[in-house]
Amino acid sequence: MSSPISPSDVARGACLPQRPAEGSVSPCLHPWSNVWINAAGWVSCCPQNRMRWGNIRETPLEQLWNSNPAQRVRRLIAGGVYQAAGCDRECPFLRGSFRPPEQAPPVAELINPEFVDPMDGSAYSNNLKAMDSAYRQRQEILTSQPIFVDLQTTVRCNSDCFMCQQPHGDDMSLPVETMESLSPYRATAGFFRWQGGESFIRKDFVTFLERFDHPAHPHLRRLVISNGSFLGRKLLERLVLVDRPPSFLISMDAVSEPVYQKIRRTLNHGKVLACLESLAHLQNVLGRRDLVTWNYVVMKSNFAEMEQAMDLAEQWQIHLNFAPLQGFYADENFFLFPWIINNEKYFSHIEIMENRAKKYRIKISGFSGMRQRLWNREHPGEN
């Protein structure tokens with residue numbers, strides 16, 4: 001019988017929620033649970049942590065997992081020293097401040113899963129318990145293996161989002177042989193995630209994704225972050241109408257075509273809408289609620305369309321996550337620059353939207369993070 005891990009047992013997503021220690025929540029879990037591998041093969045604990053542990057093309061992940069840099073990151077984050085650990089303060093856990101948060105961010109806003117212990121004596125169940133024990137004791141050298149394996153398949157992309165700094169014209173990609181070399185971790189990991197760039201721009205990715213599933217690992221969940229433009233109805237049916245389909249996080253930062261084109265600088269608006277609608281239909285066919293999540297990066301240009309996005313997500317019955325824009329964009333990022341949108345107007349409108357969201361049947365996340373980012377913006381001396 002499966003048993004969800006409670007806050008008193010193990011971390012959910014990126015932190016152990018609601019377990020204060022010395023006046024603040026427990027530290028970010030990533031250095032004990034996660035591994036991030038970018039398209040060049042560099043390994044760290046998170047896409048938003050700059051402390052490299054080494055390169056998987058030169059050194060096996062097994063060695064990098066307990067390398068000196070990995071131990072240092074665990075030590076620093078255990079002590080709450082996030083900046084020295086290489087963290088980006090705009091990440092969903094820190095939310096605009098290098099100080100540890102006073103309240104744990106909601107799991108949904110971290111775009112990470114809740115790890116579930118099947119309590120079956122499997123390698124995964126045992127690894128989850130070992131990871132939790134290592135985290136509780138703030139161990140730097142781990143006997144546990146990664147619970148969450150996150151890979152950047154390529155930097156190539158057919159979109160040109162103004163807020164993305166990746167060199168999308170570059171052919172840098174993680175070799176499929178490297179991705180397949182991580183197959184042994186399927187036994188002990190609860191989650192594999194692939195992102196880009198745009199993974200589906202690779203001709204070999206669909207076959208790889210299908211082949212990576214295995215009936216011997218029923219606990220293993222797979223997720224792909226995508227802009228949705230390559231995911232037509234036939235391909236989605238091929239990927240989803242199987243025993244254990246992957247899940248999808250589809251990035252679309254607008255409802256109207258003009259705003260979409262301004263942000264993404266591409267003409268794929270209709271394709272992405274069709275992708276979301278198809279996934280919503282397939283989710284209903286499968287009787288699931290976790291097949292697709294719509295991720296919407298909030299900024300000045302699309303702030304006025306947030307309510308439309310909520311209505312559309314409710315119509316489709318898919319989860320929606322609002323993620324604050326990150327980066328120094330003085331014309332768009334009102335989470336950093338107060339002159340872009342009036343603070344009083346923002347809080348009033350966000351309160352209206354949040355109250356409205358409570359009446360919907362779907363999960364809409366992101367309000368907590370947006371409020372916290374605005375608070376941190378208004379209290380720079382405390383960050």
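The lining of the second largest pocket divides into 16 nonpolar, 6 polar and 11 charged residues. Here Ala, Val, Leu, Ile, Met, Phe, Trp, Tyr, Cys and Pro count as nonpolar, Asp, Glu, Lys and Arg as charged, and the others, Gly among them, as polar. This is a predicted model, where local features need pLDDT of at least 70 and side-chain atom pairs count only at pLDDT 80 or more, while totals for chains, interfaces and linings use all residues. Residues are numbered from 1 along each chain as its sequence is written, and side-chain values use heavy atoms, with hydrogens and water left out.

Of the 33 lining residues, N112, P113, R221, D290 and T293 lie nearest the pocket's centre. A pocket is an open set of points on a 1 Å grid over the protein atoms alone, where a 1.4 Å probe fits, with protein on both sides within 12 Å along at least five of seven lines; lining residues have an atom within 4 Å of a point. Five strands (DSSP E runs of at least two residues, numbered from the N terminus) each supply at least two residues of this lining: β7, β8, β9, β10 and β11.

Now meet two residues that sit in helices (DSSP H or I runs of at least four residues).

Beyond its neighbours within four places in sequence, R264 is in contact (heavy atoms within 4.5 Å) with residues including S159, D160 and N227.
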